[in-house]
Amino acid sequence: MSTSSPTSTDRPLRAPAAGAAAGAAAAFWRYWTATTVSGLGDAVTAIALPLTAVSVLHAGGFQVGLVTAAGYVAWLVIGLPAGVLVQRLPLRGTQIAMDLLRAAAIASVPLAAALGVLGLPHLVAAALLVSFAGVVFDVGNSTFLPAVVPPEQLTARNSLTSATHAANQLAGPSIGGLLVQLLGAATALVTDAVSFLCSAALLRTLPRAAAERPAPGAARPSFGAQIREGWRYATRHPVVGPCLAEATCVNFVCGALMAVVPLFLVRTLHAPAGLVGVLMAAEGAGSLLGAALTPRLAARFGTARTLVYGSLFGVAAAPLMPLAPGGPGLLLFALGNAGFGASVVVLSILTRTYRQTTVPAALLPRVMATVRFVSWGAIPVGALAAGSAVSLWGARTALALACALTVLSPVLLLSSRLRGVRELTDIA
């Protein structure tokens, strides 16, 4: 997606010149709308897909973990090559194709359920297809923003996109839980399929010149060499590396929560589907608050200190979830879920902004792909581990073990050069 001309490889991506600012802004808002629409559908699916496994297929803990893992395993398979692919393929056409593929995969689930042929392999296959298409789409999406936004606006724009994602997390599970209760889990997935189609239609309206950047010329390095270059930068950088390690631990916990929380709420606390959606949406409420506060916190305490404080807050909040009893005590779960969500979004905004403003333009897609490959690759591992823990010790114990692992997050940050500095940019 980025050029590799001699003058562009040593500096971060920059927004277009002032004369093109209006067109670039319009392109950004249209792209933002497209990803917002598909993101809302994704949030509905986050509740509908595991509930389809639980309520329609009567799946056990490991099987629910398998479905959850399938939704993220693509990061382990094509996460690294995706950065080079995004750099070489036309962005707009690729993004549209990925939306259409995800729409078809998700739509196949309610269709199979209506025909009475839905099984666990079908559910896993649909999650895999969505996962593979989502990897390519997300890497392209993550490298688009710095091309149209000035560096001084990136924290605010990243806060906006994170707040939008949080709003989807807030509304999506609630809507999903209601749709599951009214229509059934499988039928509720139609919402996500429609959202992908709407996203593709919006992306189709983007001007080609605003949405795409030419591929590098014939002298570009080999595919493998480009992957290795991105890997070395991401893993050896004094800021990107420790943040990558911390994000990997956080995402392992997130994957575990995705697998165990539906079982914990439905089978341990006996919450109805509609309430499950509301309780899971509490994460979105916390994320929305965290996204809104991140620019202010970073300005007051500094980006590095805010990162550490945010991770410590997550350690304090997460244990409230497994401590929750049923009935009115479910509020304790909601508070823990919201607090952990706020902590995660602070990490996401600050580290993403740092990468977008400091990583050289020609390396950014590959560095982003490496970060996603490692950190998001931990999600299916966490989901499978949690599913196995549920089978061995029960949902509450599995949830408690996952939440206990959050302590690794601040330990990793404080063991690096981030300790004692105010700003991430203070580290050379």
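Trainee: Is Arg 366 buried or exposed?
Mentor: Arg 366 counts as buried, because its relative accessibility is 5%, where buried means under 20% relative accessible area, exposed means over 50% and partly exposed lies in between, with a 1.4 Å probe and protein chains only. This is a predicted model, in which local features need pLDDT of at least 70 and side-chain atom pairs count only at pLDDT 80 or more, while totals for chains, interfaces and linings use all residues. Residues are numbered from 1 along each chain as its sequence is written, and side-chain values use heavy atoms, with hydrogens and water left out.

Trainee: Which residue forms a salt bridge with Arg 366?
Mentor: The partner is Glu 229, and the closest N and O atoms are 2.8 Å apart; a salt bridge here is a side-chain nitrogen of Lys or Arg within 4 Å of a carboxyl oxygen of Asp or Glu. The pair links distant parts of the chain, since Arg 366 lies in helix α16 (residues 364-393) and Glu 229 in helix α10 (residues 223-236), 137 residues apart. Helices and strands are DSSP runs numbered from the N terminus, H or I of at least four residues for helices and E of at least two for strands. Glu 229 is partly exposed, with a relative accessible area of 33%.

Trainee: How many salt bridges does a search of the whole structure find?
Mentor: The search finds three. One of them joins the side chains of Asp 99 and Arg 102 at 2.8 Å, N to O, and another is formed by Glu 423 with Arg 422, whose closest N and O atoms are 3.4 Å apart. Arg 422 counts as partly exposed, at 29% relative accessibility.

Trainee: And where do Asp 99 and Arg 102 lie?
Mentor: Both are in helix α4, three residues apart, which is about one turn of the helix. An α-helix has 3.6 residues a turn, so residues three or four places apart point the same way. Asp 99 is buried with a relative accessible area of 0%, and Arg 102 counts as buried at 5%.

Trainee: What else does Asp 99 touch?
Mentor: Leaving aside residues up to four places away in sequence, Asp 99 touches Phe 137, Phe 196, Ser 199, Ala 200 and Leu 203, contact meaning heavy atoms within 4.5 Å. The side chain of Asp 99 also reaches the backbone nitrogen of Ala 200 at 3.4 Å.

Trainee: How many residues has helix α4, and what does it reach from first C-alpha to last?
Mentor: Helix α4 (residues 91-114) has 24 residues and reaches 36 Å, close to the 34 Å expected at 1.5 Å a residue, the expected span being 1.5 Å times one less than the number of residues. Just after α4, Gly 116 takes a positive phi of about 75°.

Trainee: Changing topic, what makes the nonpolar surface patch?
Mentor: Leu 405, Val 407, Leu 408 and Val 411 make a patch of about 290 Å². Val 411 is found in helix α18 (residues 408-414) and counts as partly exposed, at 43% relative accessibility.

Trainee: How many helices and strands does the protein have?
Mentor: The protein has 18 helices and zero strands. Buried residues make up 54% of its 428 residues, and among contacts between residues at least 6 apart in sequence, 89% join residues at least 24 apart.

Conventions:
Patches are made of residues with over 30% relative accessible area and no salt bridge: like charges are joined within 9 Å, nonpolar side chains (Val, Leu, Ile, Met, Phe, Trp, Tyr) within 5 Å. Accessible areas come from the Shrake-Rupley method with a 1.4 Å probe; for residues, only the protein chains shown count as cover. A polar contact is a pair of N or O atoms within 3.5 Å; within protein, one must be able to donate a hydrogen and the other to accept it, and residues adjacent in sequence count only if both atoms are side-chain atoms.
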